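Below are some notes on the model you sent over.

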Amino acid sequence: MRLAERGLTPAVLSGALVFAVVVDHALLRARGDEAIWLYASCFGTAVLVAVLGYIQRFAVDGRLDRSLASLSAVIVACAATAALAAVGRVNVVTRYTLGVLAADLVVLLAVAVVHKRSQPTLPEVTCRR
């Protein structure tokens with residue numbers, strides 16, 4: 001992985017949080033559930049962008065199976081979260097928003113670990129005198 005790619009995910013996630021703070025304080029001044037929706041949506045979108053970056057890297061490396069598995073994991077996570085959030089009648093949107101964020105973070109961590117393990121390691125260099 002190139003140096004620029006290593007810092008891309010933290011930069012995207014940090015940028016999303018900064019964007020949410022600016023929008024909240026400058027425009028919306030959201031309170032309660034609205035603030036949760038704003039911050040979770042901005043951060044969740046950044047998490048999805050990071051996952052899509054890994055999906056693209058898998059596809060570029062010819063690992064279409066891993067790319068498809070990553071995309072499927074995002075879809076299943078969102079569908080499962082929607083089903084679980086629909087069980088109750090109170091704060092359904094808030095539970096769904098936070099659930100999707102948590103599920104997408106788990107998918108991001110799993111995809112990052114798989115990507116790191118799939119990278120070739122450099123051979124050890126020994127010096128002979």
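1. Asn91 lies in the loop between H4 and H5. Its phi is positive, about 55 degrees, although Asn91 is not a glycine. The relative accessibility of Asn91 is 41%, so the residue counts as partly exposed, given that the exposed class begins over 50% and the buried class is under 20%. Please keep in mind here, and in every point below, that this is a predicted model.

2. Arg29 is placed in the loop between helix H2 (8–28) and H3. Its relative accessibility is 54%, and Arg29 therefore counts as exposed.

3. As for the overall content, the protein chain has 5 helices and 0 strands. Following the sequence, the pattern reads α-α-α-α-α. The protein chain has 129 residues, and buried residues make up 30% of them.

4. How are H4 and H5 oriented relative to each other, parallel or antiparallel? Helix H4 covers residues 64–85, and H4 packs with H5 at an angle of about 160 degrees. Angles over 145 degrees count as roughly antiparallel, and H4 and H5 are therefore roughly antiparallel to each other. Their axes are 9 Å apart, and the crossing of the two helices is right-handed.

5. Helix H5 (residues 92–118) also packs with helix H3 (residues 33–60), here at an angle of about 25 degrees. The cut-off for roughly parallel is an angle under 35 degrees, so H3 and H5 are roughly parallel to each other. The axes of H3 and H5 lie 9 Å apart, and H3 passes H5 in a left-handed crossing. Sorted by class, the residues in the contact of H3 with H5 are 19 nonpolar, 6 polar and 3 charged.

6. Leu109 deserves a separate entry. This residue is in helix H5, and its relative accessibility is 59%. Leu109 therefore counts as exposed, the threshold being over 50%. Computed along the sequence is not the whole story for this residue: Leu109 and Val51 are 58 residues apart in sequence, while their C-alpha atoms are 9.0 Å apart in space.

7. Which accessibility class does Gln56 fall into, buried or exposed? At 54% relative accessibility, Gln56 counts as exposed because the value is over the 50% limit. Gln56 and Ser67 are 11 residues apart along the chain, and their C-alpha atoms are separated by 7.2 Å.

8. Last, the rings. How many aromatic pairs does the structure hold? The count is 0.

Technical notes. Residues are numbered from 1 along each chain as its sequence is written. This is a predicted model: local features need pLDDT of at least 70, side-chain atom pairs count only at pLDDT 80 or more; totals for chains, interfaces and linings use all residues. Side-chain values use heavy atoms; hydrogens and water are left out. Axes are lines fitted to C-alpha atoms, for helices over the stretch in contact, and angles run from 0 to 180 degrees between N-to-C directions. Helices (H or I, at least four residues) and strands (E, at least two) are DSSP runs, numbered from the N terminus. Angles under 35 degrees count as roughly parallel, over 145 as roughly antiparallel, 65 to 115 as roughly perpendicular and the rest as oblique. A crossing is left-handed if the near helix is turned anticlockwise from the far one by less than a right angle, and right-handed if clockwise. Ala, Val, Leu, Ile, Met, Phe, Trp, Tyr, Cys and Pro count as nonpolar, Asp, Glu, Lys and Arg as charged, and the others, Gly among them, as polar. Rings of Phe, Tyr and Trp (its six-membered ring) pair if their centres lie within 6.5 Å; planes under 30 degrees apart count as stacked, over 60 as edge-to-face and the rest as tilted. Buried means under 20% relative accessible area, exposed over 50%, partly exposed in between (1.4 Å probe, protein chains only).
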